[in-house]
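Please examine the structure shown here.

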Amino acid sequence: MRGLSWSDVTPKPQWLNRRQLMAGGAALLATPALAKIEAAKSRFSTDAAPNTLSEITTYNNFYEFGWDKGDPARNARLLTTDPWAVEISGLVDRPGSYGLDDILKDAPLEERIYRFRCVEAWSMVIPWIGFELAHLLNKAGVQPGAKYVAFETLVRPEEMPGQTTRSLDWPYREGLRLDEAMHPLTILATGLYGEAMPNQNGAPIRLVVPWKYGFKSIKSIVSIRLTDTQPETTWNMQNAREYGFYSNVNPEVSHPRWSQASERRVGAGIFAGREDTVMFNGYGAEVAGLYAGMDLSKDY
Ligand SMILES: Nc1nc2c(c(=O)[nH]1)N[C@H]1C(S)=C(S)[C@@H](COP(=O)(O)O)O[C@H]1N2
Ligand SMILES: [Mo]
(Lines give C-alpha, C1' and ligand atoms only; values in the text may rest on other atoms or scores of the structure.)
(Ligands and ions follow the chains in the order given, each with its own letter.)
Protein backbone atom coordinates (compact mmCIF):
# COMPACT_ATOMS: atom_id res chain seq x y z
CA MET A 1 0.00 0.00 0.00
CA ARG A 2 1.50 3.37 -0.91
CA GLY A 3 -0.71 5.31 1.43
CA LEU A 4 -2.09 7.46 -1.33
CA SER A 5 -5.20 9.46 -0.65
CA TRP A 6 -7.45 11.02 -3.23
CA SER A 7 -9.33 13.25 -0.93
CA ASP A 8 -8.74 14.98 2.36
CA VAL A 9 -12.36 15.74 2.97
CA THR A 10 -14.46 12.88 4.15
CA PRO A 11 -18.07 13.91 4.26
CA LYS A 12 -20.57 11.93 6.29
CA PRO A 13 -19.95 8.47 4.93
CA GLN A 14 -22.48 7.61 2.27
CA TRP A 15 -21.31 4.05 2.28
CA LEU A 16 -20.40 1.38 4.73
CA ASN A 17 -17.64 -1.10 4.23
CA ARG A 18 -17.29 -4.54 5.69
CA ARG A 19 -15.10 -3.33 8.54
CA GLN A 20 -17.69 -0.88 9.79
CA LEU A 21 -20.44 -3.42 9.43
CA MET A 22 -18.39 -5.96 11.36
CA ALA A 23 -17.80 -3.38 14.08
CA GLY A 24 -21.55 -3.06 14.27
CA GLY A 25 -21.67 -6.71 15.17
CA ALA A 26 -23.78 -7.80 12.24
CA ALA A 27 -23.62 -11.51 11.61
CA LEU A 28 -22.23 -11.45 8.12
CA LEU A 29 -21.34 -15.05 7.64
CA ALA A 30 -24.65 -16.30 6.39
CA THR A 31 -26.73 -13.22 5.84
CA PRO A 32 -25.99 -9.94 4.15
CA ALA A 33 -25.30 -7.02 6.43
CA LEU A 34 -28.16 -5.37 8.24
CA ALA A 35 -27.08 -1.77 7.88
CA LYS A 36 -28.58 0.12 4.98
CA ILE A 37 -26.34 2.01 2.59
CA GLU A 38 -27.57 5.43 1.59
CA ALA A 39 -27.51 5.86 -2.14
CA ALA A 40 -29.14 8.23 -4.59
CA LYS A 41 -31.70 6.97 -7.08
CA SER A 42 -30.66 6.96 -10.72
CA ARG A 43 -32.35 7.81 -13.99
CA PHE A 44 -30.60 4.73 -15.41
CA SER A 45 -32.67 2.36 -13.25
CA THR A 46 -35.23 0.15 -14.92
CA ASP A 47 -38.73 0.10 -13.49
CA ALA A 48 -38.94 -3.66 -13.99
CA ALA A 49 -39.55 -5.55 -10.73
CA PRO A 50 -36.30 -6.66 -9.08
CA ASN A 51 -35.65 -10.29 -8.28
CA THR A 52 -35.76 -11.20 -4.61
CA LEU A 53 -32.64 -11.03 -2.44
CA SER A 54 -32.88 -14.77 -2.05
CA GLU A 55 -32.92 -15.35 -5.82
CA ILE A 56 -30.01 -12.96 -6.36
CA THR A 57 -27.88 -14.57 -3.64
CA THR A 58 -28.55 -18.28 -4.20
CA TYR A 59 -28.42 -18.60 -8.01
CA ASN A 60 -24.91 -17.50 -8.91
CA ASN A 61 -22.04 -18.04 -11.27
CA PHE A 62 -18.76 -17.57 -9.43
CA TYR A 63 -16.52 -20.39 -10.58
CA GLU A 64 -13.84 -19.63 -7.99
CA PHE A 65 -16.31 -21.21 -5.55
CA GLY A 66 -17.55 -24.10 -7.65
CA TRP A 67 -19.44 -24.89 -10.82
CA ASP A 68 -23.02 -25.24 -9.57
CA LYS A 69 -25.38 -22.31 -9.13
CA GLY A 70 -25.65 -23.05 -5.39
CA ASP A 71 -21.89 -23.42 -4.76
CA PRO A 72 -21.06 -19.70 -4.34
CA ALA A 73 -23.72 -19.21 -1.62
CA ARG A 74 -22.27 -22.20 0.24
CA ASN A 75 -18.56 -21.61 -0.27
CA ALA A 76 -18.02 -17.85 -0.60
CA ARG A 77 -18.84 -17.13 3.05
CA LEU A 78 -15.22 -18.01 3.88
CA LEU A 79 -13.79 -15.30 1.66
CA THR A 80 -11.94 -12.55 3.57
CA THR A 81 -12.89 -9.21 2.03
CA ASP A 82 -11.27 -6.92 4.60
CA PRO A 83 -8.57 -5.76 4.14
CA TRP A 84 -9.00 -5.31 0.39
CA ALA A 85 -6.91 -3.37 -2.09
CA VAL A 86 -7.17 -2.77 -5.81
CA GLU A 87 -4.00 -2.31 -7.84
CA ILE A 88 -4.49 0.38 -10.48
CA SER A 89 -1.74 0.18 -13.07
CA GLY A 90 -0.70 0.71 -16.64
CA LEU A 91 -1.44 3.91 -18.54
CA VAL A 92 -2.57 6.05 -15.59
CA ASP A 93 -1.09 9.14 -13.94
CA ARG A 94 -1.48 7.84 -10.38
CA PRO A 95 -0.79 4.10 -10.32
CA GLY A 96 -0.74 2.32 -6.98
CA SER A 97 -2.39 -0.08 -4.63
CA TYR A 98 -5.49 1.62 -3.25
CA GLY A 99 -7.35 0.41 -0.20
CA LEU A 100 -11.08 -0.03 -0.54
CA ASP A 101 -11.77 2.79 1.95
CA ASP A 102 -9.73 5.13 -0.22
CA ILE A 103 -11.56 4.06 -3.37
CA LEU A 104 -14.97 4.55 -1.76
CA LYS A 105 -14.22 7.72 0.18
CA ASP A 106 -15.78 10.19 -2.24
CA ALA A 107 -17.48 7.75 -4.60
CA PRO A 108 -20.98 9.02 -5.50
CA LEU A 109 -22.97 5.92 -4.67
CA GLU A 110 -26.23 5.35 -6.48
CA GLU A 111 -28.84 2.64 -6.59
CA ARG A 112 -28.86 1.20 -10.11
CA ILE A 113 -31.65 -1.26 -10.78
CA TYR A 114 -30.34 -3.07 -13.84
CA ARG A 115 -31.48 -5.86 -16.07
CA PHE A 116 -28.91 -8.65 -15.96
CA ARG A 117 -28.63 -11.22 -18.77
CA CYS A 118 -26.36 -14.25 -18.49
CA VAL A 119 -24.98 -15.80 -21.69
CA GLU A 120 -26.69 -19.02 -20.53
CA ALA A 121 -30.04 -17.34 -21.40
CA TRP A 122 -31.37 -16.65 -17.92
CA SER A 123 -31.93 -13.17 -16.60
CA MET A 124 -32.65 -11.21 -13.43
CA VAL A 125 -33.29 -7.64 -12.36
CA ILE A 126 -30.83 -6.57 -9.66
CA PRO A 127 -30.85 -3.41 -7.50
CA TRP A 128 -27.12 -2.72 -7.30
CA ILE A 129 -25.43 -0.07 -5.18
CA GLY A 130 -22.39 1.33 -6.89
CA PHE A 131 -20.69 4.20 -8.63
CA GLU A 132 -19.54 4.88 -12.14
CA LEU A 133 -16.25 3.24 -13.09
CA ALA A 134 -15.44 6.51 -14.86
CA HIS A 135 -15.28 8.21 -11.44
CA LEU A 136 -12.42 5.93 -10.35
CA LEU A 137 -10.64 6.04 -13.72
CA ASN A 138 -10.78 9.82 -13.74
CA LYS A 139 -9.27 9.96 -10.26
CA ALA A 140 -6.49 7.63 -11.36
CA GLY A 141 -5.90 9.84 -14.42
CA VAL A 142 -6.24 7.96 -17.70
CA GLN A 143 -3.32 8.69 -20.03
CA PRO A 144 -3.93 9.53 -23.70
CA GLY A 145 -2.51 6.23 -25.00
CA ALA A 146 -4.96 4.08 -23.03
CA LYS A 147 -7.49 2.20 -25.17
CA TYR A 148 -8.67 -0.68 -22.97
CA VAL A 149 -9.22 -1.56 -19.33
CA ALA A 150 -8.23 -5.00 -18.02
CA PHE A 151 -9.66 -6.39 -14.77
CA GLU A 152 -8.61 -9.32 -12.60
CA THR A 153 -10.26 -11.17 -9.73
CA LEU A 154 -8.51 -12.24 -6.56
CA VAL A 155 -6.48 -15.47 -6.63
CA ARG A 156 -6.62 -17.16 -3.21
CA PRO A 157 -7.07 -20.92 -3.53
CA GLU A 158 -7.10 -21.32 0.28
CA GLU A 159 -10.43 -19.49 0.30
CA MET A 160 -11.59 -20.16 -3.25
CA PRO A 161 -11.97 -23.93 -3.62
CA GLY A 162 -12.66 -23.72 -7.35
CA GLN A 163 -9.13 -22.37 -7.82
CA THR A 164 -7.65 -25.66 -6.63
CA THR A 165 -8.75 -27.05 -10.00
CA ARG A 166 -7.79 -25.94 -13.50
CA SER A 167 -11.42 -25.50 -14.54
CA LEU A 168 -10.47 -22.00 -15.73
CA ASP A 169 -7.10 -20.30 -16.17
CA TRP A 170 -6.98 -18.16 -12.99
CA PRO A 171 -7.18 -15.32 -12.31
CA TYR A 172 -10.59 -14.69 -13.84
CA ARG A 173 -9.94 -11.87 -16.31
CA GLU A 174 -12.19 -9.42 -18.11
CA GLY A 175 -11.79 -6.33 -20.23
CA LEU A 176 -13.58 -3.40 -21.78
CA ARG A 177 -12.74 -0.88 -24.47
CA LEU A 178 -12.04 2.47 -22.82
CA ASP A 179 -15.24 4.09 -24.14
CA GLU A 180 -17.28 1.19 -22.73
CA ALA A 181 -15.48 1.53 -19.41
CA MET A 182 -16.15 5.29 -19.28
CA HIS A 183 -19.84 4.92 -20.17
CA PRO A 184 -22.12 6.10 -17.34
CA LEU A 185 -23.99 2.77 -17.31
CA THR A 186 -20.77 0.93 -16.36
CA ILE A 187 -20.48 0.72 -12.59
CA LEU A 188 -18.35 -0.72 -9.85
CA ALA A 189 -20.88 -2.19 -7.45
CA THR A 190 -20.25 -2.52 -3.72
CA GLY A 191 -23.68 -3.65 -2.62
CA LEU A 192 -27.19 -4.67 -3.57
CA TYR A 193 -30.59 -4.20 -2.02
CA GLY A 194 -29.10 -1.33 -0.02
CA GLU A 195 -26.66 -3.62 1.80
CA ALA A 196 -22.98 -4.51 1.47
CA MET A 197 -22.26 -6.85 -1.41
CA PRO A 198 -22.82 -10.50 -0.48
CA ASN A 199 -19.63 -12.52 -1.04
CA GLN A 200 -21.28 -14.75 -3.64
CA ASN A 201 -22.15 -11.68 -5.74
CA GLY A 202 -18.56 -10.43 -5.86
CA ALA A 203 -17.71 -8.69 -2.60
CA PRO A 204 -16.34 -6.28 -1.88
CA ILE A 205 -16.28 -4.65 -5.33
CA ARG A 206 -17.31 -5.96 -8.75
CA LEU A 207 -18.00 -4.66 -12.22
CA VAL A 208 -21.52 -4.39 -13.68
CA VAL A 209 -21.94 -3.77 -17.43
CA PRO A 210 -25.68 -4.21 -18.01
CA TRP A 211 -25.71 -4.35 -21.83
CA LYS A 212 -23.23 -7.23 -21.98
CA TYR A 213 -23.56 -10.89 -21.05
CA GLY A 214 -23.10 -11.47 -17.34
CA PHE A 215 -19.64 -12.99 -17.56
CA LYS A 216 -18.21 -9.57 -18.47
CA SER A 217 -19.28 -8.29 -15.01
CA ILE A 218 -16.21 -9.56 -13.16
CA LYS A 219 -16.40 -10.09 -9.40
CA SER A 220 -14.10 -9.42 -6.43
CA ILE A 221 -11.70 -7.20 -8.39
CA VAL A 222 -8.08 -6.76 -7.25
CA SER A 223 -6.55 -5.31 -10.41
CA ILE A 224 -7.52 -2.62 -12.90
CA ARG A 225 -4.98 -1.97 -15.66
CA LEU A 226 -5.15 0.56 -18.48
CA THR A 227 -3.63 -0.80 -21.67
CA ASP A 228 -3.14 0.12 -25.31
CA THR A 229 -3.92 -3.39 -26.56
CA GLN A 230 -7.04 -5.53 -26.19
CA PRO A 231 -6.58 -7.59 -23.03
CA GLU A 232 -7.04 -11.33 -22.71
CA THR A 233 -10.35 -12.30 -21.15
CA THR A 234 -11.19 -15.57 -19.43
CA TRP A 235 -14.05 -16.88 -21.56
CA ASN A 236 -12.55 -15.67 -24.81
CA MET A 237 -9.30 -17.50 -23.94
CA GLN A 238 -11.34 -20.58 -23.02
CA ASN A 239 -13.36 -20.65 -26.23
CA ALA A 240 -13.07 -17.69 -28.61
CA ARG A 241 -15.73 -18.99 -30.99
CA GLU A 242 -18.36 -19.15 -28.24
CA TYR A 243 -17.39 -16.03 -26.28
CA GLY A 244 -16.28 -12.87 -28.03
CA PHE A 245 -14.45 -9.95 -26.46
CA TYR A 246 -17.45 -7.64 -26.80
CA SER A 247 -20.21 -10.06 -25.80
CA ASN A 248 -22.94 -7.47 -26.11
CA VAL A 249 -26.37 -8.99 -25.49
CA ASN A 250 -27.62 -9.72 -29.00
CA PRO A 251 -30.72 -11.81 -29.76
CA GLU A 252 -29.61 -12.18 -33.38
CA VAL A 253 -26.25 -13.80 -32.72
CA SER A 254 -26.78 -17.29 -31.39
CA HIS A 255 -24.34 -19.01 -29.13
CA PRO A 256 -23.02 -21.96 -31.19
CA ARG A 257 -24.87 -24.31 -28.82
CA TRP A 258 -28.11 -22.39 -28.12
CA SER A 259 -30.23 -19.49 -29.30
CA GLN A 260 -29.93 -16.08 -27.64
CA ALA A 261 -33.31 -14.91 -28.95
CA SER A 262 -35.13 -15.44 -25.65
CA GLU A 263 -34.42 -15.76 -21.96
CA ARG A 264 -35.84 -17.23 -18.76
CA ARG A 265 -36.37 -14.75 -15.94
CA VAL A 266 -35.13 -16.44 -12.77
CA GLY A 267 -38.00 -16.80 -10.29
CA ALA A 268 -40.76 -16.12 -12.81
CA GLY A 269 -42.29 -19.52 -12.19
CA ILE A 270 -42.96 -22.51 -14.40
CA PHE A 271 -46.05 -21.00 -16.05
CA ALA A 272 -44.31 -17.81 -17.13
CA GLY A 273 -43.22 -17.97 -20.73
CA ARG A 274 -39.74 -17.08 -21.90
CA GLU A 275 -39.16 -13.42 -22.64
CA ASP A 276 -37.74 -12.06 -25.86
CA THR A 277 -34.14 -10.97 -25.43
CA VAL A 278 -33.63 -7.32 -26.38
CA MET A 279 -30.61 -5.95 -28.27
CA PHE A 280 -28.04 -4.59 -25.80
CA ASN A 281 -30.29 -6.01 -23.06
CA GLY A 282 -32.58 -2.98 -23.50
CA TYR A 283 -29.82 -0.36 -23.19
CA GLY A 284 -29.51 0.34 -26.93
CA ALA A 285 -30.59 3.97 -26.67
CA GLU A 286 -27.62 4.60 -24.40
CA VAL A 287 -24.92 2.37 -25.92
CA ALA A 288 -25.66 1.55 -29.58
CA GLY A 289 -23.56 4.55 -30.63
CA LEU A 290 -20.44 2.95 -29.14
CA TYR A 291 -20.60 0.33 -31.89
CA ALA A 292 -21.47 2.49 -34.89
CA GLY A 293 -19.80 1.11 -38.00
CA MET A 294 -19.04 -2.26 -36.42
CA ASP A 295 -20.48 -5.53 -37.73
CA LEU A 296 -21.75 -7.01 -34.47
CA SER A 297 -22.27 -10.42 -36.05
CA LYS A 298 -18.49 -10.55 -36.59
CA ASP A 299 -17.33 -8.48 -33.60
CA TYR A 300 -19.50 -10.35 -31.12
N1 LIG B 1 -14.52 -13.59 -10.89
C2 LIG B 1 -15.64 -14.02 -11.47
N3 LIG B 1 -16.51 -13.11 -11.92
C4 LIG B 1 -17.66 -13.52 -12.51
C5 LIG B 1 -17.94 -14.90 -12.69
C6 LIG B 1 -16.98 -15.82 -12.19
O7 LIG B 1 -17.14 -17.06 -12.28
N8 LIG B 1 -15.85 -15.34 -11.57
N9 LIG B 1 -19.09 -15.31 -13.33
C10 LIG B 1 -19.69 -14.34 -14.25
C11 LIG B 1 -21.00 -14.79 -14.75
S12 LIG B 1 -21.00 -16.02 -15.93
C13 LIG B 1 -22.16 -14.19 -14.36
S14 LIG B 1 -23.64 -14.60 -15.08
C15 LIG B 1 -22.16 -13.19 -13.27
C16 LIG B 1 -23.11 -13.60 -12.17
O17 LIG B 1 -23.26 -12.57 -11.23
P18 LIG B 1 -24.25 -12.77 -9.99
O19 LIG B 1 -23.91 -14.07 -9.36
O20 LIG B 1 -24.02 -11.60 -9.09
O21 LIG B 1 -25.65 -12.78 -10.56
O22 LIG B 1 -20.88 -12.98 -12.69
C23 LIG B 1 -19.80 -12.97 -13.62
N24 LIG B 1 -18.58 -12.59 -12.96
MO1 LIG C 1 -23.03 -15.83 -16.99
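Predicted model: local features only at pLDDT ≥ 70, side-chain atom pairs only at ≥ 80, totals over all residues.

Strand E12 (residues 275–276) pairs with strand E11 in the antiparallel sense over 2 bridges. Strands here are DSSP runs of E with at least two residues, numbered from the N terminus, and two strands pair if DSSP finds at least two bridges between them. Within this pairing, Glu263 has Glu275 of E12 as its bridge partner. Strand E11 (residues 262–265) is also joined by 2 bridges to strand E4 (residues 122–132), and these two strands run parallel.

Residues are numbered from 1 along each chain as its sequence is written, chains are lettered from A and ligands numbered from 1 in the order in which they are written, and side-chain values use heavy atoms, with hydrogens and water left out.

Ala121 lies in the loop between strand E3 (110–117) and E4; its phi is near 75 degrees, a positive value in a residue other than glycine. Another cis peptide bond, with omega of about -5 degrees, links Ala203 and Pro204. Pro204 belongs to the loop between strand E8 (195–196) and strand E9 (206–208).

Which residues are closest to ligand 1? They are Asn60, Tyr63, Glu64, Thr153 and Lys219, among 18 residues that surround the ligand, each with a heavy atom within 4 Å of it. By class, this shell holds 9 nonpolar, 6 polar and 3 charged residues; Ala, Val, Leu, Ile, Met, Phe, Trp, Tyr, Cys and Pro count as nonpolar, Asp, Glu, Lys and Arg as charged, and the others, Gly among them, as polar.

An N or O atom in the side chain of Lys219 is 2.7 Å from an oxygen atom of ligand 1. A polar side-chain atom of Asn201 lies 2.9 Å from an oxygen atom of the ligand, and a backbone N or O atom of Ser217 lies 2.9 Å from a nitrogen atom of ligand 1. Taken alone, ligand 1 exposes 530 Å², of which the protein buries 99%; accessible areas come from the Shrake-Rupley method with a 1.4 Å probe.

Notes. Polar contact = N/O pair within 3.5 Å; in protein donor to acceptor, adjacent residues only side chain to side chain. Helix = DSSP H or I, 4+ residues; strand = E, 2+ residues; numbered from the N terminus.
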